[in-house]
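This report describes the fold, the core and several individual residues of the chain shown below. The overall figures come before the local detail.

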Amino acid sequence: SNSASNNTSEKKLRLVQVIKGEMSIRQIMSALGMKSRPMFMENYLTPALKADLVEMTQPNSPNSPTQRYRLTEAGKGLIENR
């Protein structure tokens with residue numbers, strides 16, 4: 001349904017708005033006020049990664065304990081064009 005896709009893009013926008021520099025999953029979840037990591041991954045992070053709005057600092061080791069996430073140019077553009 002259309003409302004579902006709107007909801008997804010709203011979440012992606014919220015995610016993009018809270019990412020400053022390079023942040024860990026814990027930091028981003030905290031900025032969003034979220035407690036559930038699986039929910040965060042499913043609703044926020046994974047869609048944003050797939051949409052190429054956010055990228056990993058260590059793409060070759062996705063599960064690295066020092067993994068951070070940052071905005072791509074497209075992600076930055078999403079905020080600037082608001």
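Two residues are in contact when heavy atoms of each lie within 4.5 Å. On that basis, residues 24 or more positions apart account for 40% of the contacts in the chain with a separation of 6 or more.

The model is a predicted one, in which local features need pLDDT of at least 70 and side-chain atom pairs count only at pLDDT 80 or more, while totals for chains, interfaces and linings use all residues. Residues are numbered from 1 along each chain as its sequence is written, and side-chain values use heavy atoms, with hydrogens and water left out.

## Confidence and overall fold

The predictor's confidence in each residue is given as pLDDT, on a scale from 0 to 100. The chain averages a pLDDT of 92, and 91% of the residues score at least 70. Helices (DSSP runs of H or I, at least four residues) and strands (runs of E, at least two) are numbered from the N terminus; the chain has four helices and two strands, and from the N terminus on these elements run α-α-α-β-β-α. Confidence is lowest in helix H1 (residues 2–18), with a mean of 83, and highest in S2, at 98.

The radius of gyration is taken over C-alpha atoms, and the globule rule is 2.2 Å times the number of residues to the power 0.38. For 82 residues a compact globule would have a radius of gyration near 12 Å, and the value for the chain, 12 Å, agrees with this. The C-alpha trace spans about 35 × 25 × 20 Å along its principal axes. A residue is called buried under 20% relative accessible area, exposed over 50%, and partly exposed in between, with a 1.4 Å probe and protein chains only; buried residues make up 34% of the 82 residues in the chain.

In soluble globular proteins, nonpolar side chains tend to be buried together. A nonpolar core is here a set of buried Ala, Val, Leu, Ile, Met, Phe, Trp, Tyr and Cys residues joined through side-chain atoms within 4.5 Å. The largest such core has 18 residues, of which Leu15, Ile19, Ile28, Leu32, Phe40, Leu45 and Val54 touch the most other members. The elements that give two or more residues to this core are H1, helix H2 (25–32), helix H3 (37–50) and S2. Leaving out residues up to four places away in sequence, Leu45 touches Leu15, Ile25, Phe40, Val54 and Tyr69.

In H2 the buried residues are Ile25, Ile28, Met29 and Leu32. Seen down the axis of H2, these buried residues fall within an arc of 100°, so they line one face of the helix; the arc is that of the directions from the helix axis to the C-beta atoms. On the other side of H2, Arg26 and Ser30 are exposed. Just after H2, Gly33 takes a positive phi of about 70°.

Rings of Phe, Tyr and Trp (its six-membered ring) pair if their centres lie within 6.5 Å, and planes under 30 degrees apart count as stacked, over 60 as edge-to-face and the rest as tilted. By this rule there is one aromatic pair. Phe40 and Tyr44 form this stacked pair, at 6.1 Å centre to centre and 15° between the planes. The two residues, four apart in helix H3, are separated by about one helical turn, and both Phe40 and Tyr44 are buried.

## Individual residues

| Residue | Relative accessible area | Class |
|---|---|---|
| Thr72 | 7% | buried |
| Ser24 | 12% | buried |
| Arg14 | 38% | partly exposed |
| Asp52 | 46% | partly exposed |

Thr72 lies in the loop between strand S2 (69–71) and helix H4 (73–80). Not counting residues up to four places away in sequence, Thr72 touches Asp52, Leu53, Val54 and Glu55. Asp52 itself is found in the loop between H3 and strand S1 (54–56). Most residues other than glycine have a negative phi, and most peptide bonds are trans. Asp52 has a positive phi of about 60° although it is not a glycine.

Ser24 is found in the loop between H1 and H2, where Ser24 touches Gln67 and Arg68, again not counting residues up to four places away in sequence. Arg14 is found in helix H1 and, leaving aside its neighbours within four places in sequence, is in contact with Leu32 and Tyr44. Arg14 and Ala31 are 17 residues apart in sequence and 10.0 Å apart in space, C-alpha to C-alpha.
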